Amino acid sequence: MNKRERVLAALNNLPVDRPPVGFWFHFQAGQGVGEACVKAHLDYYNHIDVDMVKIMCDSYFDYPNPVAKSVQSPQDWYNMQPLGPDSPFIREQVARAKAVKAGLKDDMVVIYNVFAPFSLIRFGTSDELVTRHLKEDPKAVQYALDVIAKDAALLSELLIREAGIDGIYYCVQGGEKDRMSVETYRELIGPSDRAVLEHANRFSENNVLHCCGWAGIPNHLEVWQDYPAKAINWACFIEDMDLTQGKAFFGGKCVLGGFDNRPCGVLFSGTREEVEATTRALVQAAGTTGVILGADCTLPASIDKERIGWVVDAVRRLA
């Protein structure tokens, strides 16, 4: 099997010659924008022999809506309008994805990181402000989330249709157990989450859901349990849910992960023998069907990239 065949088979729970491998990270300072960012992606993916590509949205975390930048009272959210298809926020990300895809030496499945509206609204303002406004006037914040969802959905569509990528890596956040209840999340945040993912699904069936454990706090994973994605990635070590348990929890869908992304994890700090032993143990426990080996989340930028090759080498020897 070539890399593309292997990943597509895994996404569809079909037999593979070996489980595919995919790891990613935010790039170093100076590599997060423009040609330098494209080059950083290609320097990694054309030299470390992983099976799939995730293009990072570095430098585009900050949702640049002018109303969001000036909002003070909850009522201000009602002044928001979508950025639209000609905004640099959308056009520049599409151009990045197209350039990275064009420069890959292998035919690989390529996905692009897209944040859900609840992440974008907090990046564009602050967590504190959004949390406060959700309590004061949740409908106003929901209006803003719906506006942002239109931009995120359009971005997803154009990444697939114009840049030619295979799908999005859709990052949902905000489900931490100390933030809000399951019922509140489903009522206030869920609709905008789904609007983007469901729109992306109109253009590709190969979309991956990332249930982010960025805060180091367990999430109410049940709020994302039935989201319509082809594969699921979550923080196994934060959620205390391994690949086998997660595959059952998420209805048998393809699962991506298994390695702790933190500096304390074996991939970052273990010996080669420990990394290879962990790889073998993951495959033995989770099997080879509908499994992509990766990390809980983005790896630290400082990781020695050769360590990722250790995982690939270990998996190859299992084939």
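Predicted model: local features only at pLDDT ≥ 70, side-chain atom pairs only at ≥ 80, totals over all residues.
**Strand β3**

I started with β3, residues 167–172. Six of its six residues are buried, so the strand is largely enclosed by the rest of the structure. I then looked up its partners. Strand β2, residues 109–115, pairs with β3 in the parallel sense over five bridges. In that pairing I found N113 opposite Y169 of β3. Strand β4, residues 208–211, also pairs with β3 in the parallel sense, over four bridges. Here C171 stands opposite H210 of β4.

**Helix α2**

Next I checked α2, which has 12 residues, 34–45. From first C-alpha to last it reaches 17 Å, close to the 16 Å expected at 1.5 Å a residue. I listed its buried residues as C37, V38, A40, H41, L42, Y44 and Y45. What do the buried residues of α2 pack against? I find β1 (52–55), α4 (88–103) and α14 (306–318).

**Cysteines**

I searched the whole structure for disulfides and found zero. I looked at C236, which is in no disulfide; its nearest cysteine sulfur is that of C211, 11 Å away. C236 is buried, with a relative accessible area of 7%. I also looked at C297, for which the nearest cysteine sulfur is that of C212, at 4.0 Å.

Definitions and conventions:
Residues numbered from 1 in each chain as written. Heavy atoms only, no water. Buried < 20%, exposed > 50% of the residue type's maximum accessible area, 1.4 Å probe, protein only. Helix = DSSP H or I, 4+ residues; strand = E, 2+ residues; numbered from the N terminus. Pairing = 2+ DSSP bridges. Expected span 1.5 Å × (residues − 1). Contact = heavy atoms within 4.5 Å. Disulfide = S-S within 2.5 Å.
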